[in-house]
Amino acid sequence: MSRVWNFSAGPAALPQAVLERAQRELLDWNGSGASVMEQSHRGKRFIAMAAQAEADLRGLLAIPETYAVLFLQGGATQHFAQIPMNLAGTGDSADYVVSGHWSAKAAGEAAPYVRVNVAASSAADDYLQLPPREQWQLDPRAAYVHYTPNETIHGVEFHDVPEVGEVPLVADMSSNILSGPLDVGRFGLIYAGAQKNIGPSGLVVMIVRRDLLQRATRPMARIFSYAAQAAADSMLNTPNTWGWYLAGLTFQWLKEQGGLERIAAANRAKAGLLYEAIDGSGGFYRNPVAPPSRSRMNVPFTLHDGALDAAFLQESEAAGLLALKGHKALGGMRASLYNAVPLEAVQALVAFMRDFAARHG
Ligand SMILES: *Cc1c(COP(=O)(O)O)cnc(C)c1O
């Protein structure tokens, strides 16, 4: 069995070099005679690894010292609720920009903890384009503005950071963090579930402006408090040690690739190739998203005849192309092109799509 080209939306492909290194180090990590999973997070080896992972992430994204970096658990979904607990006081409202499945979910999960103001929504457009910035009804007194820069299911992505004035901007970057350079200083808080572009599931990476950590006023258990986690170096309790380690290996791999400018160029090339194949298929394949809103990470597409879906999936899998089935909310297909998916994978996909269309067109 050889490795396939993996287009999974998440948990998603990891860089092969990262997996191979983890395999090499599995039984004897760092000269310890045990795996990284089998030792204390309070030990000096783990602490050094954790600090290196944070330093590498800080280097990749040029994260200013005024921001804390946290390695948390709970998935992005838990933080949909924890963010308002930490950033909003009782009675506060927060602005939510709803541009697809995940931002809608974030707004829903926040509702028990903050007055949610849907400042903009593209639901009426079936999320086929981003809500135009000039139509956002932002409240200058909002505790924060939440948005989802890349909608993993709907395949829409913001290609610029929206201007929101003085109100802290909160971004769920689960599916596009580290896909290119970022001006972290534009954000109040960035968070990402790891299983798309960083590592295994069960880890959340958070970058938060330190002054915002002082905002929480409501009583809450310490385990929910970002300030308490920051004060404890994300080790208030046992962290996801394996996830943290793999995230660190991915950060090193990204550095070895030449950093995020290079990664961004590779991602543009990969997405460009696939969108070109879809748009140039004479209607055999279709991506319905308005071109300026198209995601570089997640490309949903349909076949002109849904009766061909089963054959497409079966034949693509036989050709070594894994996980192209679309999300059940949209049907059709979806190819996720995260950092760990190489150009060769997209070339193989596009060649398969052309061949399939020629045989079934
Ligand atoms: C996958 C995903 C989530 C959910 O992540 P969990 O870790 O399963 O909670 C949230 N937001 C976005 C943008 C995602 O892609």
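How many cavities of 30 Å³ or more does the count come to? The count comes to 1 cavity of that size, where a cavity is, on a 1 Å grid over the protein atoms alone, a set of points where a 1.4 Å probe fits but cannot get out. Before selecting anything, note that this is a predicted model, in which local features need pLDDT of at least 70 and side-chain atom pairs count only at pLDDT 80 or more, while totals for chains, interfaces and linings use all residues. Residues are numbered from 1 along each chain as its sequence is written, and side-chain values use heavy atoms, with hydrogens and water left out.

**The cavity**

Select A13, P15, N197, I198 and A340, which lie nearest the centre of the largest cavity among its 14 lining residues (lining residues have an atom within 4 Å of a grid point). About 60 Å³ of space lies there, a volume being the space filled by probe spheres set on the points, which are joined across faces, edges and corners.

Next, select F158, H159, P181, L182 and R296, the closest to the centre of the largest pocket out of the 21 residues that line it. A pocket is an open set of points with protein on both sides within 12 Å along at least five of seven lines, and the largest one holds about 340 Å³ of space. The largest pocket lies between domain 1 (17-256) and domain 2 (259-360), because both give residues to its lining; the domain bounds come from an automatic or database domain assignment.

**The ligand**

Now centre on the ligand and show the 13 residues around it, of which T77, T152, D172, Q195 and K196 come nearest (a residue is near if one of its heavy atoms lies within 4 Å). Helix α3 (residues 75-87) gives the largest share of this shell, 4 residues, helices being DSSP runs of H or I with at least four residues and strands runs of E with at least two, numbered from the N terminus.

- An N or O atom in the side chain of T77 is 2.5 Å from a ligand oxygen atom.
- A polar side-chain atom of K196 lies 2.6 Å from an oxygen atom of the ligand.
- A backbone N or O atom of A76 is 3.2 Å from a ligand oxygen atom.

Of the 390 Å² of accessible area that the ligand has on its own, the protein covers 86% (Shrake-Rupley method, 1.4 Å probe).

**Two backbone stops**

Finally, select P11 in the loop between β1 (5-6) and α1 (16-25), where the peptide bond from G10 to P11 is cis, with omega near -10 degrees.

Conventions:
A polar contact is a pair of N or O atoms within 3.5 Å; within protein, one must be able to donate a hydrogen and the other to accept it, and residues adjacent in sequence count only if both atoms are side-chain atoms.
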